Structures are given as structure tokens and as C-alpha cells.
Amino acid sequence: MADVAGDTLIIEGQAGRRVINGSIRVNGSKNDAVQAIAAAFLFKNGLTLANLPQIDDVQKMLWLAKDLGAEVKISGRTAFIRPPRMSRATLDTEIAEKIRASILLTGPLLARYGSVTFPHPGGCVIGERPIDFFLAGFRQMGASVRHRRGSYEVNAPGRGLRGAAIFFKNQSVTATETFLMAAVLARGLTVLRNCALEPEIENLGRFLRHAGAKISGLGTPTIIVNGRGLLVVHRPYQVLPDRIEAGSFAILGALLAKRLEITGCEPSHLQALLNLLEEIGLRIKTGKNKITVLATGRKLKPVNLKTHEYPGFPTDLQAPLAVLLTQAAGASVILETIFESRLNYAKTLISMGAKIEILNPHRLAIVGPTTLTGRKVTSPDLRAGLAYLVAGLVAKGRTVVHNVHYIDRGYERIDERLRALGLALKRF
Ligand code: EPU
């Protein structure tokens, strides 16, 4: 199939030379922005969001809000969303199917309007990505769930959702966020147990609390919410810096920089990665809202890595880190514990010259250092796409990356920003 305009990147590889000596700024967090857009439906008079990244997933969430009847005003990185008084609360199938984050709207919509209809949320193909925690949780809060003609119809007629004790079988980021939001408008007490601990959840919870919600236990596995009804706030929701974008840049710096300063980020959100980079042999300096990655001139060392819920090593940085490990001298092992299909990128790295053995769907071994060679590749998802981009920049020769729209879902104008660091890549 022919590529659409702008969906291809042509990269001239640096053959492992450390050509970067500069600085790059981190944008607002994708995963914080998408939940904040959903949270707007908890507010009586609307909500202003600041520091939004200008990326596809955010645009799609804003589009969904508008389609639900909300007034949406966008100005640069700021958006104002005023929810409608009444809404049919039916998510547009075509858009909602494309992004996993669409599921975040279900909690606030159901809690506010008493019903919600939505398709199975799509997003990156990195595993099965079921929604059973959501359906079970809605039922526990007194709603009925029907699956009809490809859509889920959830209804909480009469007095709406009631508080409940919900135990998540696994720590789930979007399930924790969805039920935290739903509980704010539900009647009575909700106790959420085995919650995810990602900083975006705490950011959301603190903001809702500032707006009058009664929430305790933020930053712990047990969050307790006493439902109080619609919220009112006068200050904007400040979207956090994107820790995954910052981490991706740190990995790029570890491969290609003499020195790379990453500004506008929160180093404490990346402790697991920064420790690992030091173990691999980089020098890391952190300051207020800043990380500096410095080459030491020593050989890079192999490491064993296991992805883990926050504050462990993030699954979203696992594929880019694998590219770094192809340049370390010796054998590294990666164990992916969160998603089933997040090692599929390995075959492409092998075709570029990496020595990788896929031991089973969750585990692979990498032996380095190897010289990667540029070739034509196609992004299968956001983070694997970024890994191919990084591999192409490190490789010898030219790499052509197709399906760049996957990378654009999470990294704003990545080509322009990396060009500003002196790297050679063009979009077609
Ligand atoms: N799970 C279930 N049932 C559910 C929900 C989740 O079994 O109903 C399982 C998943 O299959 C997975 C585990 O729980 O094995 C954890 O998945 P989680 O629900 O935490 O993932 P998510 O909320 O769908 C968010 C991010 C992802 C990120 C993961 C893990 C958003 C919008 N997405 O997804 O971000 O990888 O948490 O940290 O916040 C990305 O940015 O590239 C991305 C995929």
C-alpha cells in the first residue's frame, strides 16, 4: 500500500558516532493529557488543560469530547472543555476504536449521564488488551452491562453509580484512572485496591482533590474516594512532563551523545531507567527538571532488565532500551511482564544486524556489540516505531521508516526536534 504524505521517515545513520552535544525539551505527557480530557466531564462549568502535547492521541480525545456535545476551545497547548448538560454519551466508534485512551471517558460519562455506549478500545497492538476490569467494576458500582452489535452499553439508571469496594486483579493504569474519576461522582464510598502507582494517577487525584473531591491514599495501592458530585475549579490542569518521552531521549543520548541535556522533565519519575543507564556505563546528572546524559568513553555494559509497573522499569521504554543493549559488550536479557506482544520488534532489529534470540514471547537475549545496518522497516506500534527510529539513527547507512503515524501518536514533531540536535532525518 502506498504511504500517505508525511508517513515515512528517511534517516541517515550515524554509524555509532557520538554526534549529539546539545539540549532537547520534553513536552506534556500523552497519558496524563488523555485522562485529563476525560476528567473534564467531572466539572460543572468545564476545565482548562495546560501543557497539552500536540500529538494525534490528544487530538482524537479532544475530538471525542466535542462529538459528545462538549464545547472545546483549543489555543496552542491549552484547551478548554465544557461538558454538555445532557449527552447521549455514545463514543464515536471509528475514533474510539483507534485509541486505548477512549476507555477513560467511560467512567466520567457513566457517572455523570447515567449511561455510556462504547466500542472495544483499540490502540497499539501490543497484546490482548482486555477491558474485563472495567466491565466488572461498573457492575460492582450498580450498572448493567450489555454487549450488542460490537458495542458495550452500560447503564446506571435511577440514582446513578454507587460506591463500591473494587479490587483490580492486576495493577492497571487506565482502570485505576477510570474508577478514580467515576467514584468522584458516585454515591458514597469507593475503595479501590491494587491500584497502579504511575505519577499521572497521583497528578489527576491531587487535582481532583484540589477541586473539592474527597480522595485519600493517592500514591499508594489503596485509594479511597467519597463521592461528592460535580466539581468546580478555577485553575487549569497542568499536564505533567512526559516521562516516556524524556526516557526515550535519554536512551537516544546514551547511544549518540557526548552530552545530552533533557530539560522540562521530572527526573524522579525515571529512577529505574536512570539507574540502569548508570549500570550500562553512562554518567547521569540530574537537576531540577533536568537530566543530563554524558558519555564516559568506556565500553557499554550488558544488563538484565524486567519491565514492571511504576516505579519499576516502564514497559513503554523496553523496545528503545533493547536498541541500546545491541551496543553493549556482552549478553543482556529482557523480560517483558506487562504485555504479551511487546517483543515483536526484535525480528526487525535482527534484520538490521542485531544478535537477538527470542527465548519465548516474554523473554529475549541480546548479544552485543553489533553494527546495525540501515534498511526499510515499518512501525507496528508507537514504542517499537520509536525503537526503529533510534536504531536507524545509530545504524550504518540509510533507514526508511514507514507508518510514522504510530510514532506521531506519542512524540510531537519528532523529526524536527531530532534534526535540531544535528541528526539527519527527513519526512516524506
Ligand atoms: N488488563 C487486564 N484487564 C483490563 C485492563 C488491563 O487484564 O481490563 C491487563 C493488561 O492486559 C496488562 C495489564 O493489565 O497486562 C496492565 O495494563 P494497563 O491496563 O495498565 O495498560 P493501559 O492502562 O491500557 C497504560 C498506558 C500504556 C502503558 C500501560 C502500562 C495509557 C493511555 N496507556 O495502558 O501506554 O503501556 O499503561 O504502563 O495510559 C504507550 O504510551 O505506548 C502505552 C501503550
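Let's start with Asn 51, whose place is in the loop between strand E3 (47–50) and helix H2 (56–67); helices (H or I, at least four residues) and strands (E, at least two) are DSSP runs, numbered from the N terminus. Although Asn 51 is not a glycine, it has a positive phi of about 70 degrees.

A word on the model itself: it is predicted, so local features need pLDDT of at least 70 and side-chain atom pairs count only at pLDDT 80 or more, while totals for chains, interfaces and linings use all residues. Residues are numbered from 1 along each chain as its sequence is written, and side-chain values use heavy atoms, with hydrogens and water left out.

Two prolines come next. A cis peptide bond runs from Tyr 310 to Pro 311, with omega near 10 degrees, and Pro 311 is found in the loop between strand E17 (304–306) and helix H10 (318–325). Gly 368 and Pro 369 are also joined by a cis peptide bond, with omega about 0 degrees. Pro 369 belongs to the loop between strand E20 (363–368) and strand E21 (376–378).

Now to the ligand. Among the 22 residues around it, Ser 172, Thr 174, Asp 316, Ile 338 and Arg 383 come nearest (a residue is near a molecule if one of its heavy atoms lies within 4 Å of it). By class, this shell has 9 nonpolar, 6 polar and 7 charged residues; Ala, Val, Leu, Ile, Met, Phe, Trp, Tyr, Cys and Pro count as nonpolar, Asp, Glu, Lys and Arg as charged, and the others, Gly among them, as polar.

| Residue | Protein atom | Distance |
|---|---|---|
| Arg 129 | N or O atom in the side chain | 3.2 Å |
| Pro 130 | polar backbone atom | 3.2 Å |
| Phe 133 | polar backbone atom | 2.9 Å |

The protein covers 91% of the 830 Å² of accessible area that the ligand has on its own, as found by the Shrake-Rupley method with a 1.4 Å probe.

Which elements give two or more residues to the shell around the ligand? They are helix H1 (30–39), helix H5 (132–140), helix H6 (173–185) and helix H12 (382–394). H5 gives the most, with 3 residues.

Terms used:
Polar contact = N/O pair within 3.5 Å; in protein donor to acceptor, adjacent residues only side chain to side chain.
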